[in-house]
Amino acid sequence: MPRIDNDIKLDFKDVLLRPKRSTLKSRSDVDLERTITFRNSKLTWTGIPIIAANMDTVGTFEMAKTLAKHKCFTTIHKHYSIEEWAEAFKEDKTTPGFVAASSGICDYDWEKLQQILALHPEIKFICLDVANGYSEVFVEYVRKVRKHFPEHTILAGNVVTGEMVEELILSGADIIKVGIGPGSVCTTRKKTGVGYPQLSAVIECADAAHGLAGHIISDGGCTCPGDIAKAFGAGADFVMMGGMLAGHDQSGGDIIECNGRKMKQFYGMSSATAMQKYSGGVAEYRASEGKSVEILYKGDVNATILDILGGLRSACTYTGAGKLKELPKRTTFIRVTQQTNEIFAGLQADDKKA
């Protein structure tokens, strides 16, 4: 018999952070850097735990070089050729410490991953990425990669429940990607009916991971810097973004002129666009679970990153967290029916068009 979980599950839009008394004098007093030692690799990493998603329109070499200057992280998409990898990061000693090489689970992905890490032994992070992290074959692949690369930090996902977080950590993963369906160009929830509200997924999965000295990434669902603050407040160790970092100079895709405005293409990696590009089309046995959109060209990503980090520092000052690590301890979520006053939203949109 089917069962219903009657516990209320919440998304970022359902809550706000409650402000609390603070001794902080300025946003500049907030320390966003974290030093994290990973459970299985034993590697210690220091940086700001913001991650660019491993989408070919986001997780580019150019994005990685820019984000590394801010001590932020990039999961490089898996569709670069070995020749392109051979040319990457020449005489660049900083960026490799802030990137992960991405891999699927087929034999070709495995061979390519080994080649990439042989070319770049300075890269110590591996991102194992599948749409459905619940499959037994994925768990076995995590074990295989852990055995072959015992000193590399493994990111693995995606899942949304505590028991699978525990399974992947015990199988050798260090950081679990949490999120099914919250992404701006993901249609998994429409096509399959499967998913989990992101805020509740992060809270529950962080609890499971931290009990085993593991870590999680909140992957997807952030539409503004405030959502990123909520994800960290809910217990995420890292926050991964796709749409918020798309459309920039450092993002993949060509600039398109449309009705006098500059646009860039952005699409999900399970979309028909991506599958046509890399697999020759959508296989008959499956459906496209992503969409393709044209978004406004945003210019240099540095401005966006500074806006995100500024919003995060401000969230910490409102809640009295002197360090990003303290934010979950200082977080109380208030359930709300409305996030913002939208009375002039239409006028703002008109101003952008003008």
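Visitor: What is the relative accessible area of Ala-246?

Guide: In this predicted model, local features need pLDDT of at least 70 and side-chain atom pairs count only at pLDDT 80 or more, while totals for chains, interfaces and linings use all residues. Residues are numbered from 1 along each chain as its sequence is written, and side-chain values use heavy atoms, with hydrogens and water left out. Ala-246 is found in the loop between strand E11 (238-241) and strand E12 (255-258); helices (H or I, at least four residues) and strands (E, at least two) are DSSP runs, numbered from the N terminus. Ala-246 is buried (buried means under 20% relative accessible area, exposed over 50%, partly exposed in between, with a 1.4 Å probe and protein chains only), and its relative accessible area is 0%.

Visitor: Which residues is Ala-246 in contact with, leaving aside its neighbours within four places in sequence?

Guide: Contact means heavy atoms within 4.5 Å. With neighbours within four places in sequence left aside, the partners of Ala-246 are Thr-57, Val-58, Ser-251, Phe-266, Ile-295 and Lys-298.

Visitor: What distance separates the C-alpha atoms of Ala-246 and Lys-325?

Guide: Along the chain, Ala-246 and Lys-325 are 79 residues apart.

Visitor: Is Ser-218 buried or exposed?

Guide: Ser-218 has its place in strand E10 (residues 215-219). Beyond four places in sequence, its contacts include Phe-12, Val-178, Gln-198 and Met-240. With a relative accessible area of 0%, Ser-218 is buried.

Visitor: At roughly what angle do the axes of helix H1 and helix H10 cross?

Guide: Two packed helices are described by the angle between their axes and the distance between the axes. Axes are lines fitted to C-alpha atoms, for helices over the stretch in contact, and angles run from 0 to 180 degrees between N-to-C directions. The axes of H1 (residues 61-69) and H10 (residues 301-319) come within 10 Å. H1 and H10 are therefore oblique to each other (under 35 degrees counts as roughly parallel, over 145 as roughly antiparallel, 65 to 115 as roughly perpendicular and the rest as oblique), their axes crossing at roughly 45 degrees.

Visitor: Is the crossing of H1 and H10 left-handed or right-handed?

Guide: A crossing is left-handed if the near helix is turned anticlockwise from the far one by less than a right angle, and right-handed if clockwise. The crossing in which H1 passes H10 is right-handed.

Visitor: How many nonpolar residues does the contact of H1 with H10 have?

Guide: Met-63, Thr-66 and Leu-67 of H1 meet Val-301, Asn-302 and Ile-305 of H10. Ala, Val, Leu, Ile, Met, Phe, Trp, Tyr, Cys and Pro count as nonpolar, Asp, Glu, Lys and Arg as charged, and the others, Gly among them, as polar. The contact has two polar residues and no charged ones, and the number of nonpolar residues is four.

Visitor: Which residues of H5 are buried?

Guide: Helix H5 spans residues 162-170. On the other side of H5, Glu-163 and Leu-170 are exposed. The cover over the buried residues includes helix H4 (136-148), strand E8 (153-159), strand E9 (175-178) and helix H7 (198-210). The buried residues are Gly-162, Met-164, Val-165, Leu-168 and Ile-169.

Visitor: Within what arc do the buried residues of H5 fall?

Guide: The arc is that of the directions from the helix axis to the C-beta atoms. Seen down the axis of H5, its buried residues line one face of the helix, because they fall within an arc of 165 degrees.

Visitor: Which residues of H5 make the contact with H4?

Guide: The axes of H4 and H5 come within 9 Å and cross at roughly 30 degrees. The two helices are therefore roughly parallel to each other. H4 contributes Phe-138, Val-139, Val-142 and Arg-143, and the residues of H5 are Met-164, Glu-167 and Leu-168.

Visitor: What is the relative accessible area of Phe-89?

Guide: Phe-89 is found in the loop between H2 and E6. Although not a glycine, Phe-89 has a positive phi of about 60 degrees. Phe-89 is buried, with a relative accessible area of 5%.

Visitor: Is Lys-42 buried or exposed?

Guide: Lys-42 lies in the loop between strand E2 (34-37) and strand E3 (44-47). Its phi is positive, about 65 degrees, although Lys-42 is not a glycine. With a relative accessible area of 60%, Lys-42 is exposed.
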